[in-house]
Amino acid sequence: MGIAEEHRRSLADPDGFWAAAAEVIDWERRWDRVLDDDAAPMYRWFAGARLNVCHNAVDRHVRLGHGDRPALIWDSPVSGQQQTLTYAQLLDRTARVAGALRDLGVEAGDRVLVYMPNVPEAVIGMLACARIGAIHAVVFGGFAAAELATRIDDARPRVVLAASCGIEPGRVVAYQPLLEGAIELARHAPERVLWLQREQARAELRPGRDVDWHEAEAAARPADCVAVDATDPLYILHTSGTTGLPKGVVHDSGGYAVALHWSMRHVYDMAPGEVYWAASDIGWAVGHSYIVYGPLLYGCTTVLYEGKPVGTPDAGAFWRVIAEHRVNLLFTAPTAFRAIKRDDPDAEHVARHDLSRFRTLFLAGERADPDTLRWAERALGVPVIDHWWQTETGWPMAANCLGIEPLPVVHGSPARAVPGYDVRVLDEHGAELPPGQTGAVCVRLPLPPGTLPTLWEDDAGYREKYLSRFPGFYETADAGYVDADGYVWIMSRTDDIINVAGHRLSTGAMEEVLSGHPDVAECAVIGVKDALKGQLPLGLVVLKAGVAREPDEIVGELVARVRQQIGPVAAFKQAVIVERLPKTRSGKILRGTMRSIADDETYRVPPTIDDPVILDEIAGALRGLGYGTQTSS
Ligand code: COA
Ligand code: AMP
């Protein structure tokens, strides 16, 4: 069956389509209904069913006789370590850590926050939570204490799983000061912390609260899998929203397991036993779905990489990993390839490695620019497939589904809507736009299994943020169009989210931090184009009357503030002080116009602007930072 037919079938008969897909999962109890729409627009998949996701990702493969198959290959150039765990070894360690969590009082439904870099114990910790029905909330290591604190308060974890440090090239990031700082800031205090001690920077354990990971793991009795409802949350993953407060995206257990398993074969065209590598961080959606759950549910070997595409030690790092671990498929963000291309423009490193098993490169996380796509195709000689998804969906919404029917690659488009997703482009009034016209990219409800059923303890927020603007649709907050061939084109966000090196960040959150500076009267943060990271944040700041300090000093403080309150990952390094900000007569700051000026795009002076002269002032200030030379039309 071709992709068009599969897609049609998935929408015409979602019950039949997903019930068939669900047959590959081990259920403790089968579902009463595939799609439960009683509380629409809040949908639930596989209502009445019970299962354990860890059983499906680990135990099942051992029981089927694949215990000796490598499950996880850890490759860590930043620490000089490597380790392979077979499915049997992963089962043994996961069951013990699950037992250790039990000993610390964790029960089904409790939350466990994971604050760890890409180390095997992070994956084991996530699976151990799933094993006993606890809900994990992983926080990316590049966030600062304040960001961690908001996540602690939202998830209210009973226990935290922490590593003593992360390792960035040239710098060891001690996690203990960050975690202690966060706990101090948070209203909620976790009862216990399980520390993985790494030799690069050890944590000082607090008696009574803290426990050593390896001691606890060694002492624990292995815990069995606990079946949970298919609709129970498997995890919460916080992601940037339009305010300073992140959104706690929930993914459930049954629907997620079914969808992720389905995607491994139909989107990625993998076979069990093959090697899948998502070069991402377990703190992001890609890490959850395609370092941990997708490959393991499907019985693949997953590669966990603690390093960068360049500098650890060079731009050949990815090819070394692919050759050494016989990787069949790599999934990463285009920014990684832009970094490699910058350091090794002629792809000379490629020839030094045996890439004979490497079949496909998948890219996601930001728009894949055609230049980078072409460079990757030429350098690697394999299909380069752009695909589009979000933390909220947990798996791709648009992709070239290689396991169903490979479509012609069109540079700049992530191809067509994936089965299960009814992608529509709407105008501001909610009317569907014809092919080729740009509007709000939405998905007609219900979303397929595996996507977010709600936000953590916030059904009202879920409805308001995603379902209210276009009744009957999920609003992706991406703008774009679908062309006459059904190819989706994702061009930009409709909200204040920017994409920096494949990391999703809120400019609104950065504005809140800048506004907190005592000298700042008002400010705007915009995302400007960057050849390496795609976008970079840039602050425009108006000082309070009477402030006569050195501008450079204030800018330095603002940069330090964002780094300290949001984290280094925000990459906020540029700000400029201006006399005033351009606004509409109703007082709305014209961020889009400023962005166009910075990006050298032709722009129209908005008719509602309060005072057009301000735009010239802004253009002058931006030119001072090296942005924007064009004038308005
Ligand atoms: N812990 C602590 N700090 C971190 C961190 C972590 N886990 N991850 C990143 N940082 C820091 C970096 O060290 C850097 O700090 P600096 O300002 O002191 O240099 C800062 O956050 C910005 O990081 P990043 O934007 O990642 O830039 P980079 O220069 O370190 O690397 C790339 C650039 C392109 C090589 C890198 O972003 C990359 O490999 N991206 C791959 C794509 C990816 O992982 N996408 C995620 C979704 S698929
Ligand atoms: P995240 O939730 O961090 O995965 O970020 C999701 C956002 O990244 C999407 O809403 C898009 O704005 C952007 N994005 C992800 N994949 C693509 C893609 N293939 N093309 C264009 N934008 C993308």
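**Around the ligand**

Analyst: Let us begin with one contact: a nitrogen atom of ligand 1 is 3.4 Å from a polar backbone atom of G141, where a polar contact is a pair of N or O atoms within 3.5 Å, and within protein one must be able to donate a hydrogen and the other to accept it, with residues adjacent in sequence counting only if both atoms are side-chain atoms. This is a predicted model, in which local features need pLDDT of at least 70 and side-chain atom pairs count only at pLDDT 80 or more, while totals for chains, interfaces and linings use all residues. Residues are numbered from 1 along each chain as written, chains are lettered from A and ligands numbered from 1 in the order in which they are written, and side-chain values use heavy atoms, leaving out hydrogens and water.

User: OK, and what does the side chain of R171 do with ligand 1?

Analyst: An N or O atom in the R171 side chain is 2.7 Å from an oxygen atom of the ligand, and a polar side-chain atom of K533 is 3.0 Å from a ligand oxygen.

User: How much of ligand 1 does the protein cover?

Analyst: The ligand on its own has 930 Å² of accessible area, and the protein covers 83% of that, with areas computed by the Shrake-Rupley method with a 1.4 Å probe, and for residues only the protein chains shown counting as cover.

User: Which residues come nearest?

Analyst: There are 22 residues around ligand 1, and E168, R171, K533, R563 and K573 come nearest, a residue being near if one of its heavy atoms lies within 4 Å.

User: Why does it lie between domain 1 and domain 2?

Analyst: Both domain 1 (3-307 + 387-475) and domain 2 (498-624) give residues to the shell, so ligand 1 lies between them; the domain bounds come from an automatic or database assignment.

User: New topic: where is the cis peptide bond at P41?

Analyst: That bond joins A40 and P41, with omega about 10°, and P41 is in the loop between β1 (33-36) and β2 (44-47), where strands (E, at least two residues) and helices (H or I, at least four) are DSSP runs numbered from the N terminus.

User: And A477, is it buried or exposed?

Analyst: A477 is buried, at 12% relative accessible area, since buried means under 20%, exposed over 50% and partly exposed in between, with a 1.4 Å probe and protein chains only. A477 sits in strand β25 (residues 473-482) and has a positive phi of about 70° although it is not a glycine. Most residues other than glycine have a negative phi.
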